[in-house]
Amino acid sequence: MMRAYAVPAVRAAEAAAMEGLEEGELMQRAARGLAEVALTRLEERGDRVVVLAGSGDNGGDALWAGAHLATSDANVVVVLVGSREHTAGLSAAREAGAVVLEWRSGSAADSVRSALAEADVVLDGIVGIGGSPGLPDHLRELPDLIGDEAYLIAVDLPSGCDPAGLVGADSIFADETVTFSLLKPCHLMPATEPAVGLLTVVDIGVAEPSSTPAVERLTHDDVADLWPVPGPADDKYSRGVLGSITGSSAFTGAALLSLTAAVTAGAGMVRYVGPDHPAELLRAAVPEAVFGDGRCQAYVFGSGWSAEDADETQLSVAREQLAGDLPMVIDAGGLDLLSAPRSAPTLLTPHAGELKRLIERLDLDEPAGVAGAQAVADHLSVTVLLKGAVTAVVSPSAYGQPVRTQADAPAWLGTAGSGDVLGGLAGMLLAAGLEPGVAGALAALVHGAAGRRANPGGPVRALDVAHALGPTIAALLTARPRSQ
Ligand SMILES: NC(=O)C1=CN([C@@H]2O[C@H](COP(=O)(O)OP(=O)(O)OC[C@H]3O[C@@H](n4cnc5c(N)ncnc54)[C@H](OP(=O)(O)O)[C@@H]3O)[C@@H](O)[C@H]2O)[C@@H](O)CC1
Ligand SMILES: Nc1ncnc2c1ncn2[C@@H]1O[C@H](COP(=O)(O)OP(=O)(O)O)[C@@H](O)[C@H]1O
């Protein structure tokens, strides 16, 4: 499990760690760890380092690391970009032989340009967790001056990223981010994670807070502990029956993908509710399915379905179940039917466009992203799984749960029908009794892993992803057995 903590919790944990240490010791540890990483990256690249140093302690980390690198014979140029500088760090860098230039005055602009164009490694110490989102006007040009060959290491976080990870803004895009002991939300959130690159954690002795993290991410090692593995006393009913109200005459395949995913992922049983056309196809392609409504433990509703040309039976079963108390995954067209809070466990699975439509229809204030998903979650008392390269699962604030994010999928998974597979998979997990937050995160992880397994390194079709679920789950369960 990866956990990221909000800035106030990080600062409190750092303050606690500092008690009993000499002043500046944490920064020294951070700078030494950072310099070690930079030295390793320099090995294959050269010896020219540019340190971009801002006003705060993030600049201090970078300056002290620059001093270590200069002592280790790297050719270090420090570029001061803030309104002030970390005095001790700057003196150390100077004494170690670094050349110091100032960007803020503009007088050394040409020297800065050539240093950045020729750099082998650049340390981005402009701003860290003390920053507001975006780069100020006078620094916007800097990222473009960095040569294509340079390896860009962000100190703690890429400058300009919203530390909370909620706002996407102009920022440095790093090849690698070196952070210290604790992850911050921006490392794991959809709006900011793309700027982070490879994430390296240097332990500087700050203990993990006991408070709830802001963001959590499941890793492959977590699957065995969470997956509903049947025991000897289980049967198809106790394992969970999923009702699928998906597909339509126009979108026949959605039903096939949803049911195939649920069956392949290990549903005890699947019932299909829908018109003849998908049903005929399903009788041949998913012989395990049972047709017509009946007793279920959960429903998946809406993939490949639209309210405009709805099948009457689907519509009435969906309405009845929406008003009922069984867990539900609500996907795609099904989202149009939900206007009031549900008290039963509910997982909505919109992509960004569907979320936008939902927010507009519900007349909520937040425009989009995780904040938008949170507004919907709070308004409807549901969990929202917002699909994307980084998928976020957001539960109502009252639950006090962290945002869960997963980034397991190759971009090849952005293919038609892939979301229908995810819906069937998540529905199967709800039918097995998992709560929506865990079910959503686990489904996103397994869906992404199956996307890789279906055709490693290349394109995938959604049906192959659905077929890959079984072997993917087996591999995850046997890679690390359940902990006692
Ligand atoms: N505490 C500890 O124990 C440890 C802390 N550590 C390190 O300290 C870092 C936090 O340091 P911090 O608190 O000094 O804040 P930090 O991010 O350096 O700068 C804030 C200043 O930047 C400016 N600024 C603001 N927004 C900006 C923007 N968008 N773009 C550009 N500039 C912007 C603004 O200054 P201004 O320009 O207004 O003068 C503001 O005052 C943390 O990330 C980690 O690296 C490690 O050493 C481990 C131990
Ligand atoms: N760039 C990407 N990288 C990784 N996964 C992606 C990317 N784009 C989309 N996906 C995933 O692909 C799936 C697409 O779902 P969706 O848009 O609902 O497709 P459909 O409606 O055609 O089934 C989601 O699980 C999403 O997270």
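Which residues does UniProt assign to the feature "domain: YjeF N-terminal"? The unreviewed entry places this feature at residues 10-212. UniProt positions follow the numbering used here, feature names are shortened, and annotations may be inferred rather than shown by experiment. The structure is a predicted model, in which local features need pLDDT of at least 70, side-chain atom pairs count only at pLDDT 80 or more, and totals for chains, interfaces and linings use all residues. Residues are numbered from 1 along each chain as its sequence is written, chains are lettered from A and ligands numbered from 1 in the order in which they are written, and side-chain values use heavy atoms, with hydrogens and water left out.

Over residues 10-212 the chain is 33% helix and 18% strand. Helices (H or I, at least four residues) and strands (E, at least two) are DSSP runs, numbered from the N terminus.

Ligand 1 is surrounded by 23 residues, counted as near if one of their heavy atoms lies within 4 Å of the molecule. The closest are Asp61, Ser83, Gly128, Gly134 and Asp156. Polar contacts are pairs of N or O atoms within 3.5 Å; within protein, one must be able to donate a hydrogen and the other to accept it, and residues adjacent in sequence count only if both atoms are side-chain atoms. A polar side-chain atom of Ser83 is 2.4 Å from an oxygen atom of ligand 1. An N or O atom in the side chain of Arg11 lies 2.9 Å from a ligand 1 oxygen atom. For Ile129, a backbone N or O atom is 3.0 Å from an oxygen atom of ligand 1. Of the 950 Å² of accessible area that ligand 1 has on its own, the protein covers 80%. Accessible areas come from the Shrake-Rupley method with a 1.4 Å probe; for residues, only the protein chains shown count as cover.

The space taken by ligand 1 is the largest pocket. A pocket is an open set of points on a 1 Å grid over the protein atoms alone, where a 1.4 Å probe fits, with protein on both sides within 12 Å along at least five of seven lines; lining residues have an atom within 4 Å of a point. A molecule sits in a pocket if more than half of its atoms lie within 2 Å of its grid points. Elements giving two or more residues to the ligand 1 shell are α1 (7-18), α2 (25-43) and α3 (57-71). The shell divides into eight nonpolar, nine polar and six charged residues.

Ligand 2 takes the space of the second largest pocket. 17 residues surround ligand 2, the closest being Lys387, Gly388, Leu413, Gly417 and Gly419. Lys387 is in the loop between β16 (383-386) and β17 (391-394). One of its polar side-chain atoms lies 2.6 Å from an oxygen atom of ligand 2. A polar backbone atom of Gly419 is 2.7 Å from a ligand 2 oxygen atom. Helix α14 (residues 418-431) gives the most to this shell, with four residues.

The UniProt annotation "binding site" (unreviewed entry) covers Lys387, Gly388, Ala389, Val390, Thr391 and Gly419. Though spread over 33 residues of sequence, they cluster in space, with a largest C-alpha distance of 13.8 Å.

Key:
Nonpolar A, V, L, I, M, F, W, Y, C, P; charged D, E, K, R; others polar.
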